Amino acid sequence: MEIPSKYSASSVESKWYDYWMKNNYFHSTPDEREPYTIVIPPPNVTGVLHMGHMLNNTIQDVLIRRARLLGKNACWVPGTDHASIATEAKVVAKLKEQGIDKNNLTREEFLKHAWDWTEEYGGVILEQLKKLGCSCDWDRTKFTLDDDMSEAVIKVFVDLYNKGLIYRGYRMVNWDPQARTTLSDEEVEYTEKQGKLYYINYKIKDSDDVLTIATTRPETLLGDTAICINPKDERHTKLKGKHAIVPINNRVVPIIEDEYVDLEFGTGCLKVTPAHDENDKMLGEKHELEVIDIFNEDATLNSFGLHYEGKDRFIVRKEIVKELEALGAIVKIEDHTNRVGISERTKAIIEPRLSDQWFLKMKHLAKPAIEAVLETEDVKLHPKRFNNTYRHWMENIRDWNISRQLRWGQQIPAYYYGDGKEDFVVAENNEAALELAKEKTSNSNLQTSDLRQDSDALDTWFSSWLWPISVFDGIRNPDNEEINYYYPTNDLVTGPDILFFWVARMIVAGYEFKGKRPFENVYLTGLVRDKQRRKMSKSLGNSPDALKLIDDYGADGVRVGLLLSAAAGNDLMFDEELCNQGKSFANKIWNAFRLVKGWEVADIEQPESSRLALDWYKAKFQKAFAEMEYNYSKYRLSDVLMTSYKLIYDDFCGWLLEMIKPAYGQPIDRTTFDAVVITFEDNLKVLHPFMPFLTEEIWQFMAKRNTDEALIISKYPEQTSSDSKLIEDFELVKDAVSGIRTIRKEKNIAFKDTIALSVINNENLDISYNSVISKMGNISDLQTVDAAIEDALTFRVKSNEYFIPMDGAINVEEEIEKLTEELKYTQGFLKSVQKKLSNERFVNNAPAQVVGSEKKKEADALAKIETINKSLKSLQ
């Protein structure tokens with residue numbers, strides 16, 4: 001096959017991905033090999049590829065490809081998450097465009113629309129991951145709403161309910177008025193917002209007196225059912241036992257006493273709205289106050305809002321302040337910074353709301369998960385510093401609100417047979433529920449039609465916390481061959497932002513349902529940020545199009561660009577130039593391959609310089625390989641890549657190929673050629689996890705390969721000892737060659753012209769290395785001498801001193817002129833520095849490091865003048 005002059009990433013990538021898929025290299029089934037398993041953090045079914053996905057999935061692909069090369073049975077399970085809130089919002093928006101209101105549809109009708117939408121738009125991201133080169137076992141693709149996955153979720157709910165861990169409670173919850181559902185505490189982000197503090201007068205019943213309250217939410221006064229004062233507050237002694245009148249609705253409410261009221265905040269009088277504040281709710285329960293909910297599901301006001309009914313809460317806030325001002329009830333308004341809860345999904349401001357919800361008790365379940373990470377290290381977090389975050393969350397864990405007021409998701413398997421709150425049974429299906437209901441009511445005449453299933457869906461995380469188990473059917477069939485073979489999985493790669501949402505909960509589920517950890521290592525990536533350290537987002541417009549990057553730089557170039565600066569757990573400062581660097585690296589390797597394959601091979605004797613060069617690179621490779629393996633063990637993938645980058649770019653391309661390259665028009669000996677091909681193949685193997693397309697392309701060009709000889713399933717290099725003395729000696733050799741090249745460049749001595757070289761070998765460098773120095777420096781004669789050579793150009797490598805005779809090598813007159821000019825400049829520079837140092841005011845007042853810097857300049861200039869004078873003396 002003719003080797004193309006240029007590497008074309010676009011044609012190569014599609015060719016080899018199709019080849020890998022056709023030959024089923026990504027697929028895994030249980031066998032006698034050691035399994036290596038990764039489950040993908042399932043992206044939202046609504047998602048499209050962005051920079052975070054690119055980084056996360058590149059890391060997973062590196063790990064899985066390396067495991068294949070190591071001979072393990074590598075299994076990477078892909079899939080998507082149904083993403084209740086996000087997906088339902090998209091479906092609702094699409095229906096709205098068609099003039100359809102979700103609330104006018106039955107559950108079944110809405111779900112049909114949702115499934116249609118998912119089948120049309122969902123799963124795009126999985127196809128995009130293929131462009132990146134991700135070698136997932138696509139035959140195993142799972143969706144969290146697949147029938148078997150849903151069945152597992154329902155089974156777990158029933159199991160936990162029967163264990164007494166799931167209960168129904170009437171609680172103050174986080175309400176997302178945009179999605180119209182409750183959220184768990186972990187799905188709420190808190191942010192500081194600039195707001196107002198309103199001071200409002202309430203009249204005292206049967207009196208001309210008033211009391212003043214301070215509130216940030218004047219619209220909620222329509223739900224006030226008490227005013228609370230601190231019994232120790234002497235300012236308000238006269239209010240005890242009296243009643244206040246709420247402005248606008250004129251509701252008469254009691255003035256109660258409780259030490260909960262902060263004497264220092266506001267006026268010392270607190271309005272109590274039990275339906276709209278967690279603390280007010282506790283006061284309400286303690287003092288048996290009426291609870292009045294003034295909001296609809298979408299945070300518009302209901303009939304308790306009087307003439308504000310149907311208006312949004314924030315519009316009402318502005319209008320009610322105007323009405324209060326007109327009534328003379330506003331005392332003053334101050335600026336005030338509020339801590340506001342925001343929905344992690346919709347970014348709507350959260351509304352505290354009393355609601356019947358389903359909860360999972362977490363304290364007991366969390367104990368094995370705490371022990372696994374923080375005590376036994378059965379599960380290891382990388383970097384380890386995230387243990388502190390994990391500890392804080394897990395040791396302060398609260399009961400998990402697992403119900404959502406949504407239709408898209410697994411419907412809660414609770415079946416009501418009566419009108420009472422407790423008139424329900426929990427079962428896996430209608431038939432089982434009917435039997436339980438008959439038993440509970442002692443009514444054998446009950447029919448399935450008498451049962452009504454709870455309309456809420458389960459929190460999306462309640463399905464994804466089972467992911468490492470359910471993808472192998474480990475809940476429904478707990479002893480099947482696949483769960484026994486692949487579970488526990490090995491590595492999980494994800495972002496620290498879902499360490500609690502998902503990672504911690506999977507650990508909890510693993511110990512509860514399998515009695516084992518779900519994975520051994522958790523590699524927590526950083527966030528991808530731009531050069532200004534801003535988080536990449538659509539709103540900022542600073543997130544590049546992931547697929548365009550692949551088009552511009554090739555998948556391998558983008559993978560290298562991402563990983564070159566992605567230290568474990570640290571944020572990645574993304575710079576598109578890094579992708580260009582990755583593309584240039586690919587071109588460098590391609591050109592090196594073309595160089596090697598372009599040599600004519602002959603059965604001639606191997607030069608000593610080539611033998612030494614190959615021995616050196618073998619040692620250098622093993623040293624680098626040991627570093628790579630160590631960094632793999634620490635999940636420092638960027639360090640692995642950087643080590644291989646330097647090895648191949650500098651040592652292989654920059655030195656080895658130059659050292660073994662035959663003279664122009666001459667053949668290379670077969671021994672050297674065969675050895676360098678094997679060496680090149682080892683380079684491809686260590687680089688394959690990072691640059692799979694380029695390496696497979698070169699591998700297949702190297703020799704005719706059968707399908708069972710593809711690089712993707714080849715054998716990884718074996719680690720052996722490396723000759724450190726050989727590596728150390730070669731550094732001296734390379735320095736000597738660099739010294740020769742520097743003199744050639746400075747003195748304009750053409751490389752095609754041979755020169756002589758002498759050395760005082762104080763380092764006792766083995767004379768066998770002379771063959772390499774001679775080859776690389778185009779030396780006609782290399783001699784070891786005991787004394788300095790007169791009239792020679794000289795340089796040092798440690799204590800070795802090298803001499804190049806000047807005869808015929810340079811134009812003496814030109815060199816004297818050049819050195820004289822350089823001496824004149826340096827003497828002038830020295831004079832300016834010494835003038836500054838002779839200024840006592842400067843020396844006494846300038847910072848020590850500034851003075852030190854000037855003194856170093858003086859010393860360097862003096863040394864340079866001495867060297868120039870010596871050179872001039874030798875020329876005259």
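Let's start with Asp137. Leaving out residues up to four places away in sequence, Asp137 touches Phe26, His27, Ser28, Trp76 and Pro78. Keep in mind that this is a predicted model.

Where does Asp137 sit? Its place is the loop between helix H5, residues 124-131, and strand E4, residues 142-143. Is Asp137 buried or exposed? Its relative accessible area is 1%. Buried means under 20%, so Asp137 is buried. Now look at Ser28 again. The backbone nitrogen of Ser28 is 3.0 Å from a polar atom of the Asp137 side chain.

Next, a lysine. Lys281 is in helix H7, residues 278-287. Its relative accessible area is 10%, so Lys281 counts as buried too. What does Lys281 touch, leaving aside neighbours within four places in sequence? The list is Tyr170, Arg171, Met172, Pro274 and Leu354.

Now the nonpolar cores. The largest one has 194 residues. Which of them touch the most other members? They are Trp358, Leu360, Tyr390, Met394, Phe462, Trp465 and Phe680. Helix H19, residues 637-660, gives this core its largest share, with 13 residues. Pick out Trp465. Beyond its neighbours within four places in sequence, the contacts of Trp465 include Val156, Leu160, Leu360, Trp400 and Trp502. Arg505, Met506, Val508, Ala509 and Phe513 are also in contact with Trp465.

Last topic: helix pairs. Take H9, residues 363-374, and H15, residues 499-513. Their axes are 8 Å apart, and the packing angle is about 110 degrees. Angles of 65 to 115 degrees count as roughly perpendicular, so that is what we call H9 and H15. On the H9 side, the contact is made by Leu365, Ala366, Pro368, Ala369, Ala372 and Val373. On the H15 side, we have Ile507, Val508, Tyr511 and Glu512. What classes of residue make this contact? There are 9 nonpolar, no polar and 1 charged.

The second pair is H16, residues 546-563, and H17, residues 576-597. Their axes come within 7 Å and cross at roughly 85 degrees. H16 and H17 are therefore roughly perpendicular to each other. From H16, the contact uses Leu549, Asp552, Tyr553, Gly557, Val558, Val560 and Gly561. From H17, it uses Glu576, Leu578, Cys579, Asn580, Gly582 and Lys583. By class, the contact of H16 with H17 has 6 nonpolar, 4 polar and 3 charged residues.

Note on methods
Residues are numbered from 1 along each chain as its sequence is written. This is a predicted model: local features need pLDDT of at least 70, side-chain atom pairs count only at pLDDT 80 or more; totals for chains, interfaces and linings use all residues. Side-chain values use heavy atoms; hydrogens and water are left out. Helices (H or I, at least four residues) and strands (E, at least two) are DSSP runs, numbered from the N terminus. Buried means under 20% relative accessible area, exposed over 50%, partly exposed in between (1.4 Å probe, protein chains only). A polar contact is a pair of N or O atoms within 3.5 Å; within protein, one must be able to donate a hydrogen and the other to accept it, and residues adjacent in sequence count only if both atoms are side-chain atoms. Contact means heavy atoms within 4.5 Å. Axes are lines fitted to C-alpha atoms, for helices over the stretch in contact, and angles run from 0 to 180 degrees between N-to-C directions. Angles under 35 degrees count as roughly parallel, over 145 as roughly antiparallel, 65 to 115 as roughly perpendicular and the rest as oblique. Ala, Val, Leu, Ile, Met, Phe, Trp, Tyr, Cys and Pro count as nonpolar, Asp, Glu, Lys and Arg as charged, and the others, Gly among them, as polar. A nonpolar core is a set of buried Ala, Val, Leu, Ile, Met, Phe, Trp, Tyr and Cys residues joined through side-chain atoms within 4.5 Å.
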